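Dear colleague,

Please find the structure below, followed by a summary of what was found in it.

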Amino acid sequence: MSSRIQLYFTKYKQDGFARTGSLKTWRREISTPTIWFGLSVIERYDFQHTVLSVNNAECFLANAYDLLFQDKNGERRRLIRDLATKMCFKCDSGGFQTTKRETKLTVKHVYSLQRELECDIAVQLDFPLNPQASRESNRTKIDRTLKNLEEVLAINDKLSILPVIHGYDKKMLDYALRKVGDILGHDPPAVGVGSLVPLLMTSKGSGRVGGKRRVIDTLIYIRQKLPETFLHVFGAGGTMAYLITFCGADSFDYVGWVQKAGYGVIQLPGVSDRFISKRKKRKTLSEEEKKKLLECACPACRQYSLSAFQDRSSHARLLRAIHNVYVYQTEIWRIRESIKEGTFREFVFERLKNSVWAPLLRYADTQLVRLGAYPSRYKKIDAYI
Ligand SMILES: [Zn+2]
């Protein structure tokens, strides 16, 4: 079946709600689950190009707002063109960025840039909800997002367009999904879901709309409603990626890697951010974690000792970034493997056993058992949490 959004998803293996698959865009195929590494506005060309290339990263993202207003000398456009020869490129609209700024984007503005850069996935211009706003005001935003989808589909002659839906409850989600279905003439083969990140961060007003558990409920609800649809979750990468994959997400972003490397953060699978050098109020690597790091096979750890990662030099920053991106890209490969083997549930419990997300994982597991995805709650759950 052909689709106006030029995105086609094939599901391969299912394990609970987690699945592997392949998303076909107008340009290439993308294996899922997948992670998109966000480009940074502050770091230079060489740094970002090196880190993503040496790790064979599969996907990266940039956003139209940054490119239109913060890429004065065109350096990032050059970086995008070079990276896109070997990696998939998702171009977000920047709707989230514009909510806090004076400058407003238009659908044409965003699309012409996406068209010029020939991105693999062009994300439609959307308007994220505000948990503190009234229902009416959020409903207006949902309607404006839907109108933008119609507008971009009318001018699109080539690209793969990702529709974005928002909603804090079933009623709002049902409304957005029904309208997207009306616009396309069929259920969407792919959607992005926005407005969830503030709930994960426990930002102001998030409790009002259900908080962190609402993120789990939302994903499970969409997944049940549209079992064959590719589902991207905006902004929810890092350790959270395990949990949302468990709930059926196929794709997520990881935008913090440049900043984190700058702060001195070292990441390990399933472990929250750690620092090498001791300073007040921050978590340093334990002896056991240092041992794990010594076993790391990334291009930086293979060549340099831990002391080279420590200081404020640009070289140390580069090493940290290479290591961190390696961790997340290789974790994606492991996630796919464990889904294929039917061991993803064990994998995610193991990865999150010491994480702040462990109670939320237990909540998600309970919901999945209730829905029949698994026969009973995870057997070793008490040993873990
Ligand atoms: Zn490493």
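The domain assignment, which is automatic or taken from a database, divides the protein into domain 1 (8–257) and domain 2 (259–332). This is a predicted model, in which local features need pLDDT of at least 70 and side-chain atom pairs count only at pLDDT 80 or more, while totals for chains, interfaces and linings use all residues. Residues are numbered from 1 along each chain as its sequence is written.

The C-alpha centres of the two domains lie 28 Å apart. Across the boundary, 15 residues of domain 1 are in contact with 15 residues of domain 2 (contact: C-beta atoms, placed from the backbone, within 7 Å). On the side of domain 1 that touches domain 2, β4 (34–38) and α1 (45–54) are the elements that give two or more residues; α1 gives the most, with five residues. Helices (H or I, at least four residues) and strands (E, at least two) are DSSP runs, numbered from the N terminus.

There is also an open sheet of three strands, in the order β1-β2-β3, with antiparallel pairing (two strands pair if DSSP finds at least two bridges between them). β1 (8–15) and β3 (29–32) stand at the edges with a single partner strand each, so one side of each is left without a neighbour in the sheet. Strand β2 (residues 18–24) pairs with β3 over four bridges, and the bridge partner of K24 is E29 in β3. Helix α14 (residues 314–341) packs on this sheet and touches β1, β2 and β3.

Yours sincerely

Methods:
Contact = placed C-beta atoms within 7 Å. Axes fitted to C-alpha atoms, helices over the stretch in contact; angles between N-to-C directions.
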